[in-house]
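Here are a few exercises to work through with the structure open beside you. Try each task yourself before reading its solution.

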Amino acid sequence: MYQPDALDLGLLQALQLDGRAPFSRIADVLGVSDQTIARRYRRLRNEVRLRVLGMTDQSRLGRTNWIVRLRCNPDAAEPLADALARRPDTSYIGLMSGGTEVICAIRPRSRQDRDELLLERLPRTRRVTSVDAYCVLHHFYGGPLGWLNKIDALDAAQETALRPPPPETPADVVVLDELDEQLLNLLRQDGRTTATRLATATGRTETAVKRRVQALRRKGVLYFDVEYDHEPFGHGVEAALWLRVEPTRLRSAGHALAGHREVRFAAAVSGEANVMVSVLCRTTEELFAYLADQVGSIPGVRAVETVPTLRRVKTLIYEPRR
């Protein structure tokens, strides 16, 4: 089995900080050669399916994210998860404990798209027994802040050298044009697509696409995330937590959760369970300790439902099972 080392972890965290950082800059910060970084990158792509993907911050575009819990007959869960994973407006699909529940994160482009999926298509899907849709109200952790930011593979000076300038806060909702849409679609498949390939695909000059990519990043519309198989790194237990938190403690509880090393995503959501959290642990015993010792000690948390993930069908992009 592939055994990652400290350099692999440093490369992963470097890519989380800046997914388009040149190998030469990463190599300089990590104290190795360009060729070593390029070789490790290729190895990680082959061994743990490493992908650097360009993601869109929907809030900068005035759009809302939703998390949907679908309960269905056991024989319907996998086909349903695979069908949802093929949709371009889904960003995470998990087949959950018991094989009768699917969790789906969706990013509808418009109210019409949202209503078509949530009010018409999903409720009418055969063998789906219930649909619960939660509007994401506020992100405590996730999006541009990936779990790899917490692994401490880089020291403070290395992080500073690799971290790009923070995005601006636009006064108004950002409006995309045709070139923006083309570039975001291309970078969603491979965040490290070269400027030459972007120029060829869009029919623009390299200077034009470089300038536009920089503008999308500066406005906070475009950020980069890293996708890879967690198990070779010793993190084989993933779970979704649905928390009921006292409203007056909601903000403080969310900030506490964001600081936990186990937390990959945390957000305030609509519904009786008003906080949703995604966690990653090494073992079930570690998950138990996290729930008992850390979540259980957060003031205002009244109840926790823990739903282990059997299989991630889609994280950022969908790749059919081999």
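**Exercise 1. How many residues of strand β6 are buried, and which residues lie on each side of it?**

Step 1: Strand β6 covers residues 222-227, and six of its six residues are buried. Buried means under 20% relative accessible area, exposed over 50%, and partly exposed in between (1.4 Å probe, protein chains only). Strands (E, at least two residues) and helices (H or I, at least four) are DSSP runs, numbered from the N terminus.

Step 2: Leu 222, Phe 224 and Val 226 lie on one side, with Tyr 223, Asp 225 and Glu 227 on the other, and both faces are covered.

A word on the source: this is a predicted model, where local features need pLDDT of at least 70 and side-chain atom pairs count only at pLDDT 80 or more, while totals for chains, interfaces and linings use all residues. Residues are numbered from 1 along each chain as its sequence is written, and side-chain values use heavy atoms, leaving out hydrogens and water.

**Exercise 2. Find the bridge partner of Val 52 in β6.**

Step 1: Strand β1 (residues 51-56) pairs with β6 in the antiparallel sense over six bridges. Two strands pair if DSSP finds at least two bridges between them.

Step 2: The partner of Val 52 is Val 226.

**Exercise 3. Describe the aromatic pair of Tyr 134 and Trp 242.**

Step 1: A pair of aromatic rings is described by the distance of the centres and the angle of the planes. Rings of Phe, Tyr and Trp (its six-membered ring) pair if their centres lie within 6.5 Å; planes under 30 degrees apart count as stacked, over 60 as edge-to-face and the rest as tilted.

Step 2: The whole structure holds three aromatic pairs. In the one formed by Tyr 134 and Trp 242, the centres are 4.6 Å apart and the planes make 35°, a tilted pair.

Step 3: Tyr 134 belongs to strand β5 (residues 128-141) and Trp 242 to strand β7 (residues 237-245), 108 residues apart.

Step 4: Tyr 134 counts as buried because its relative accessible area is 11%; Trp 242, at 2%, is buried too.

**Exercise 4. Classify the pair of Tyr 228 and Phe 233.**

Step 1: The ring centres are 5.2 Å apart and the planes meet at 75°, so this pair is edge-to-face.

Step 2: Tyr 228 and Phe 233 are both buried.

**Exercise 5. In what order do the eight strands of the barrel follow one another?**

The order is β2-β4-β3-β10-β7-β9-β8-β5, with antiparallel pairing.
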